[in-house]
Amino acid sequence: MFTLPQKNFRAPTTCLGPTCMQDMDSSHGDDLEGECSRKVDQKLPGVGDPAMLSSGTSYLSSRGRMIKWFWDLAEEGYRTYHMDEYDEDKNPSGIINFGTSENKLCFDLLSRRLSQSDMQWVEPSLLQYPDWRGHLFLREEIAKFLTFYCKSPVPLRPENVVVLNGGASLFSALATVLCEVGEAFLIPTPYYGAITQHVCLYGNVRLAYVYLDSEVTGLDTRPFQLTVEKLEMALREAYSEGVKVKGVILINPQNPLGDVYSPEELQEYLVFAKRHKLHVIVDEVYMLSVFEESVGYRSVLSLERLPDPQRTHVMWATSKDFGMSGLRFATLYTENQDVATAVASLCRYHGLSGLVQYQMAQLLRDRDWINQVYLPENHARLKAAHTYVSEELRALGIPFLSRGAGFFIWVDLRKYLPKGTFEEEMLLWRRFLDNKVLLSFGKAFECKEPGWFRFVFSDQAHRLRLGEQPTFPAQSSLQPSLWPLLFVPTHHAIGASRPLASPF
Amino acid sequence: MSHRSDTLPVPSGQTRSQVLRDQSIYTQLLEVARHVQQTVREHFVQLNRQGLLQERRHTQAIREQEALLSHLLCQMINLLQSGATSGLQLQVPLPSEDSRGDVRYGQGTQLSGQLDPVPQLSDCEAAFVSRDLSNRGTDISALYQSSFQDYNAYQKDKYHKDKNTLGFINLGTSENKLCIDLMAERLQESDMNCVEEALLQYPDWRGQPFLREEVARFLTYYCRAPARLDPENVVVLNGCCSVFSALAMVLCDPGEAFLVPTPFYGGFAFSSRLYAKVQLIPVHLESEITVIHTYPFQLTVDKLEEALLKARLEGKNVRGLVLTNPQNPLGDIYSPDALMKYLEFAKRHDLHVIVDEIYMLSVFDESITFHSVLSMTSLPDRSRTHVIWGTSKDFGISGFRFGALYTHNKEVASVVSAFGYLHSISGITQHKLCQLLQNTEWIDKVYLPTNRFRLREAHKYVTAKLKALEIPFHNRGSGLYVWINLKKYLDPCTFEEEQLLYRRFLDHKLLLSCGKAYMCKEPGWFRLIFADELPRLKLAMRRFCEVLEEQKQDLIVKQLEDAMRE
């Protein structure tokens with residue numbers, strides 16, 4: 001999903017994400033009177049100018065104004081992009097989007113598959129009110145699909161499956177049914193920042209960050225390594241600030257790091273969670289987008305024995321692995337029937353068309369196509385695009401992280417920020433945008449260190465090249481400080497080179 | 001209801017006493033009470049399973065016991081919870097299920113009082129450690145489970161003319177099943193299937209521009225808007241309840257309220273409670289005709305003023321008025337004059353007006369002209385008037401999950417679209433919807449005339465039956481339902497008796513919805529959906545008559561017994 005470029009709206013030292021709509025000290029937030037009597041915009045840590053929120057328009061409620069404020073901020077880059085989207089023919093000088101994590105490499109395969117005659121089925125039951133958990137035929141297919149691709153030691157069961165219209169909805173529903181208002185999930189950072197909004201919008205649930213470092217020290221064997229010590233520390237910190245933590249969110253394969261957790265690591269995190277009676281939400285939305293075999297990805301569902309199966313909830317969707325973010329299909333797998341039922345109770349707000357459910361069942365059922373056509377081709381194309389971009393970066397001496405999973409490279413541009421601040425990071429991001437390149441900056445992932453950017457490489461080669469086209473004939477002779485220009489389409493580069501030169 | 005086979009895992013090293021020590025005495029007792037409640041419920045389920053259902057009298061007795069027991073337990077939980085968490089007000093649950101798959105409950109019924117969803121625990125110990133859900137998660141789940149029990153029973157045991165002749169017939173959920181043949185045919189035409197790159201990628205969260213343009217054009221035409229409606233004012237989400245939920249979020253703060261004339265579509269009550277925590281304050285209407293009220297359940301500005309004043313005196317912050325037009329469950333429409341008066345009332349008090357026009361094309365009586373609020377040449381308060389429409393009812397495709405907002409207020413449109421993330425529609429579906437709405441010729445020449453004709457026929461059939469049974473009903477030629485008065489079958493005329501009659505229909509495999517679910521003030525009203533195919537409708541009406549006959553016999557017996565006692 002699109003990563004939200006967000007302004008630096010909280011102090012970098014703050015450990016906790018914002019509560020968007022109410023303060024956090026309500027222990028049972030469903031009580032109408034309790035919430036009513038409370039001032040909505042009090043105790044909002046570092047959120048903009050309260051005057052702006054309390055005055056202004058008279059049509060919206062306080063929380064409506066708050067949502068609007070967040071929304072306007074979050075959508076800034078996306079909106080700018082949409083107003084001036086690159087198009088080969090119609091707008092060749094438009095903005096190229098390397099910010100949104102979408103796989104645009106396999107549309108040809110998908111469109112062919114989705115146009116086949118088995119996809120066009122219409123029957124009355126598909127047009128009427130569904131089972132809100134998802135049609136049974138689809139849940140059966142999902143259970144089989146996940147059993148196979150997650151390499152589950154036992155067959156997974158359709159009754160543990162709930163179908164929703166996208167991962168965002170699933171985060172929202174899970175946050176609502178697992179947490180009270182103001183409670184929190186732990187999440188290692190950098191992480192896919194949109195989750196902040198998903199859990200907050202309806203659920204008013206916040207995130208407590210487990211900050212990871214790029215530097216390899218002590219027990220770490222690689223950058224941004226998550227350890228149980230760090231989890232313990234973050235948990236203690238949250239408690240000391242009076243925040244109740246209800247669970248941990250793990251994204252595996254990781255976004256934006258493109259890394260995976262080993263089964264041993266995963267096991268340790270799960271044991272940690274069990275020790276503290278925390279739920280674990282494992283977002284495996286990139287599980288089939290591991291294009292380097294050597295990475296050795298393992299789904300949490302493949303583990304022989306889950307430490308706490310009743311508190312382990314797995315998410316998957318077709319958005320990434322099947323390059324269909326516009327299809328709006330996601331699924332929850334949990335053995336906990338209370339959780340499944342509670343999430344399903346919210347599904348009337350997060351349902352998807354019966355016809356689409358039918359199409360998804362057809363797609364997931366077609367193991368031959370997936371195994372013999374789609375996955376090999378998708379992986380090959382991802383690998384080629386990844387190789388192309390990472391070689392360019394290497395040639396330029398730009399450090400980056402990416403181990404062969406996901407659609408992105410986590411690029412280290414710290415050396416271009418003289419003071420190493422988030423303000424400079426933001427300026428650099430804007431400079432990219434001014435030069436018609438949309439990237440995502442590290443702050444949006446709540447990265448602790450300014451200067452990291454996420455570059456999405458899963459785009460058609462011509463767009464990648466356009467974005468990266470060297471502006472000077474001899475690529476190798478470029479000074480590192482001129483590297484940002486490489487993201488600039490040729491005709492913009494000359495004009496942009498002057499203002500770029502001065503701050504660096 | 002499924003039973004989990006074994007006990008839930010207990011975290012290692014976790015003993016019951018440790019758990020108990022963590023909790024207050026109230027919380028512990030609350031847990032015990034909930035567990036007892038669950039056990040009792042399961043016991044009755046077991047009894048039903050063991051075939052006792054066949055013996056009607058026996059079942060009836062059990063049901064009464066069950067009602068009493070759950071009532072007592074609810075009271076107990078109520079008391080305990082007020083001790084444990086202070087101040088939560090609980091009332092007896094009122095399970096009922098209805099259209100748009102939504103749930104209704106009586107005014108004032110609090111979620112927390114619903115059946116507890118810590119079900120399927122086979123071991124007392126487990127009950128103390130398996131509370132994985134948040135309180136609100138528990139509430140949401142409880143409401144769903146209790147409310148959808150009957151709907152789910154129907155889903156599992158649907159009537160089929162060959163395969164399951166004894167299955168449930170659902171005249172409770174508002175779905176139009178009369179034109180599914182036309183829709184299925186239309187949806188299989190070649191223009192419906194399109195897979196474009198843009199449809200598979202992240203959309204504009206307000207809805208794809210092509211669909212918003214089409215919705216604006218469609219509404220301009222069918223609502224007879226005086227000027228072209230602006231696609232920028234359209235937001236499309238996956239269903240009208242999602243639209244309502246998002247509107248409630250952005251127009252109200254938690255605890256604030258909307259006024260709703262009752263009987264009122266209960267699905268919105270559910271929506272507003274569940275996520276937005278917005279209260280619906282009923283403006284109670286009466287069936288009786290008086291000097292001022294020239295027809296039953298008439299909404300007047302006086303009533304609105306009175307309800308608003310009362311709410312404000314109680315310290316409620318009322319932010320808006322919700323109108324459903326054509327009305328559900330009354331099947332009535334508001335005249336332009338009446339509508340204008342309501343809008344002026346709202347303007348006078350700075351209230352938003354949300355007008356739900358989801359049945360606007362389901363006006364089947366040709367002598368009636370529906371006037372959309374969008375057809376008015378001058379709206380009293382354009383920036384506070386928000387219209388909801390969807391295809392679920394008018395096109396009988398509730399499974400499509402599509403709802404649209406039209407508002408002149410660009411700010412509201414923009415902030416509602418922030419909810420597009422959570423209520424988005426598949427690009428492929430958006431394409432189909434666009435194609436569907438675009439084809440005005442098919443809609444005008446094929447679909448609408450056929451749909452109206454079939455609705456009229458089904459309505460004629462059902463109302464003739466009702467007349468023969470001398471059952472008073474209210475229907476003025478729109479919607480998919482008749483609002484019927486079964487007071488004469490209730491003695492005493494209470495909501496408890498209404499609920500028992502509802503249960504009796506269920507025992508005869510007939511699903512209806514009862515008035516309490518629409519916050520109706522007077523017991524004894526039911527909503528009956530007639531938009532079903534004739535053979536099924538006939539059988540349903542046969543069952544309906546049987547139930548009433550049985551009920552009548554029981555009443556006679558009861559009256560005799562009473563007389564003898566005296």
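Reply:
**Rings and their partners**

A:K443 lies over the face of A:F422, 4.6 Å from the ring centre. A charge counts as over a ring if NZ of Lys or CZ of Arg is within 6 Å of the ring centre and within 35 degrees of the ring normal. B:K516 sits over the face of B:F495, also at 4.6 Å from the ring centre.

This is a predicted model: local features need pLDDT of at least 70, side-chain atom pairs count only at pLDDT 80 or more, and totals for chains, interfaces and linings use all residues. Residues are numbered from 1 along each chain as its sequence is written, chains are lettered from A and ligands numbered from 1 in the order written, and side-chain values use heavy atoms, without hydrogens and water.

Now ring meets ring. The whole structure holds 49 aromatic pairs over all chains. Rings of Phe, Tyr and Trp (its six-membered ring) pair if their centres lie within 6.5 Å; planes under 30 degrees apart are stacked, over 60 edge-to-face, the rest tilted.

The planes of A:W121 and A:Y358 stand at 35°, so this pair is tilted. Their centres are 6.4 Å apart. A:W121 is partly exposed, at 40% relative accessible area. A:Y358 is buried, at 17%. Buried means under 20% relative accessible area, exposed over 50%, partly exposed in between (1.4 Å probe, protein chains only).

A:F432 and A:F453 have planes at 70°, so they are edge-to-face. Their centres lie 5.8 Å apart. A:F432 is buried, at 2%. A:F453 is buried too, at 1%.

Chain B has an aromatic cluster, with B:F218, B:W389 and B:Y447 among its members.
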